[in-house]
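I opened this notebook to look up where charged side chains pair up. The entries below follow the order in which I went through them.

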Amino acid sequence: MHVIKSLQVSSTLKNLSRYSIYAMALGICMGISASTASITNVSDDKSLSHWQQVQETGKNQDVYFYAWGGDPQINAYLQWAAEQVDDQYNINLVHVKLSDTSEAVSRVLAEKSANNNDEGSLDLIWINGANFATMSENSLLLKQWANKLPNFSLTNPENNPTVNFDFGVPTNGMEAPWGQASLTFYYDRLSTDNPPTTLNELVNWTAQNPGRFSYPKPPDFLGMSFLKYALVMLHEQHDAQTGENTKAQLNLPATEQNTDLVLDPLWTFLDDLHPTLWRKGEQFVQTGAQMRRLVDDTELSLAFTFSAPEVPAAVQRYDLPESIRSYAMSDGSLSNTHFVAIPYNASHPKAAQLVANFLMSPEAQAKKQTPSIWGDKTVLVQSTLDPEQQALFKNKQPHPSALPFDSIKRTVSEPHPSWVDAIMQGWQTRYGVSP
């Protein structure tokens, strides 16, 4: 059975000569001319549908998938997906593990600067939010392909704006939706039996339980997610009290004119919150994994993640105690859809489309949603599926520490991606400390 090749990005980026090696190998091959002619004929065959042409020209190729590699469950799922596309299309899916998606964005930018416009090292990238906005603004992504995938219709795009917008930015067919995630909190019920369920309750809880909560410092994605959740809730409270609509500014780009108006409530909130945090807010953890270890070491009683299945997985491998329980904030869970995209200069764009379409299939989405596999919420709309496909999503009883089914009663959208830099710069100016 085919096994996915996993590469660390550092080693992969050094391997800049793989295309020349492939060219030498193909030059030796006696059938190269016939193979090239066959591909050309398939592309020119008007009797084939668009998708049939993609299938014929995309099979038997490599796909270098640049994706975050920090979660063993996600890595295992990608290995399973690699086995499936190998069986169906003889595609060799290579997971290039990233610690930060911006690494991949920088590589495509560098290739564009070097006029490498058709032999890029990235074929597919797991992306959303600010990184998508950057790649879109710099014309680094292949356009109008995702909305032509057969399985895209299963997301009900006409009535489902979450698959057509990424942090408020139109996707324009440059991204294929892959999953949905929400900010999930978890706590140790042996140290607290009444965890906070709103932002206001969190402030009161930390005052009564000093040092038992913290968040990763920016620019960590998880720490930024907590700050964005707080910012949205603060503006909802303000608007409810005043009848104004300052929250609407979060859907617009950050500018010199609106930054202070939008962010000043966050700084006031953090000024009050930080003295009650772990180490009195004078030090912060760097990552969610470090925050999780502090819970396991009983230094913290409350933490959070953007990957809900991370919690039961950690309990099952004894990285968290069995007394851990997950829940969603009742005032709103910061949520977003994450996507896969194809760089404009991908070496194997048709093969990447085959992979992206498979990742949206009912089979792949149902397996990914299974709590013991990943627990990532599907992007498919159940009404678009037939009964047999719907049956795939009926899961077994989840682990006691897992986020209960349908526990997220209200979701809130991500602000415009430009607010990420505005928050990060303001935070560093006011609270930046040594790790």
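**Salt bridges, entry by entry**

I began with Arg410, which is partly exposed at a relative accessible area of 32%; here buried means under 20% relative accessible area, exposed over 50%, and partly exposed in between, taken with a 1.4 Å probe and protein chains only.

I noted that this is a predicted model, in which local features need pLDDT of at least 70 and side-chain atom pairs count only at pLDDT 80 or more, while totals for chains, interfaces and linings use all residues. Residues are numbered from 1 along each chain as its sequence is written, and side-chain values use heavy atoms, with hydrogens and water left out.

I then looked for the partner of Arg410 and found a salt bridge with Glu236, with the closest N and O atoms 2.7 Å apart; the term asks for a side-chain nitrogen of Lys or Arg within 4 Å of a carboxyl oxygen of Asp or Glu. This pair links distant parts of the chain, 174 residues apart, with Arg410 in the loop between helix H15 (387–391) and strand E12 (411–413), and Glu236 in helix H9. Helices (H or I, at least four residues) and strands (E, at least two) are DSSP runs, numbered from the N terminus.

I checked Glu236 itself and found it buried, with a relative accessible area of 19%.
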